[in-house]
Amino acid sequence: MRILGIDPGSRVSGFGVINCDGRGKLGYHASGCIRIPATDLPARLKVIFDGITELIQLHQPDVVAIEKVFMARNADSALKLGQARGAAICAATQHDLPVSEYTALQIKQATVGRGHAGKDQVTHMVVALLGLSAAPQVDAADALACAICHGHHQQGQAKREQAMSLNAGQQS
């Protein structure tokens, strides 16, 4: 499975693409940032939409994982972040890709092992988990962490389903 992780932002949106083999092995594919010019909000949202669309066409992910909105410093920032997320989600759904959403707490828990880890800890674990030779940009590292979170979530779900089917087989 190929996972496109997105760390949405109205100025910079990070992306990270990983491969997950279904047995717990995660592999790095690509990462980077979509830099959004300082212009009016509708034009910035179009840049995000077009950028995510291009990434989907280029990397052919099977699923998209995106960070949920948290309460930002102020309501205006939270609204802009929500709109940036919406542009990214619309690009994914236009390509019929399933979208999974994770809180920052869930992403940090899945990547670092504790939900209140700092950005430097997240970046360190992304490098370690994916075997990278250098740390990616912060927004790209956050997007890779989101993709890793989804990969771990899917592995856990598969193990639960396997255990339930084994359990059902034993009860019959």
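**Reading salt bridges and burial**

Modeller: Let us begin with Lys 80, which counts as partly exposed because its relative accessibility is 26%. Please bear in mind that this is a predicted model.

Colleague: With which residue does the side chain of Lys 80 meet in a salt bridge?

Modeller: A salt bridge pairs a side-chain nitrogen of Lys or Arg with a carboxyl oxygen of Asp or Glu within 4 Å. Here the partner of Lys 80 is Asp 76, at 3.3 Å from N to O. Asp 76 is also partly exposed, at 44% relative accessibility.

Colleague: How many salt bridges does the structure hold?

Modeller: There are four. Among them is the pair Asp 50 and Lys 46, at 2.5 Å from N to O. These residues are likewise four apart, in helix H1 (residues 41–59).

Colleague: Which parts does the pair Lys 119 and Asp 142 tie together?

Modeller: Their side chains meet in a salt bridge at 2.5 Å, N to O. Lys 119 belongs to helix H4 (residues 119–130) and Asp 142 to helix H5 (residues 138–171), so the pair ties together parts 23 residues apart in sequence. Lys 119 is partly exposed at 47%, whereas Asp 142 is buried at 8%.

Colleague: Is Thr 111 buried or exposed?

Modeller: A residue is buried when its relative accessible area is under 20%. Thr 111, in helix H3 (residues 104–111), has 4% and is therefore buried. A polar atom of the Thr 111 side chain lies 2.8 Å from the backbone oxygen of Ile 107.

Methods:
Residues are numbered from 1 along each chain as its sequence is written. This is a predicted model: local features need pLDDT of at least 70, side-chain atom pairs count only at pLDDT 80 or more; totals for chains, interfaces and linings use all residues. Side-chain values use heavy atoms; hydrogens and water are left out. Helices (H or I, at least four residues) and strands (E, at least two) are DSSP runs, numbered from the N terminus. Buried means under 20% relative accessible area, exposed over 50%, partly exposed in between (1.4 Å probe, protein chains only). A polar contact is a pair of N or O atoms within 3.5 Å; within protein, one must be able to donate a hydrogen and the other to accept it, and residues adjacent in sequence count only if both atoms are side-chain atoms.
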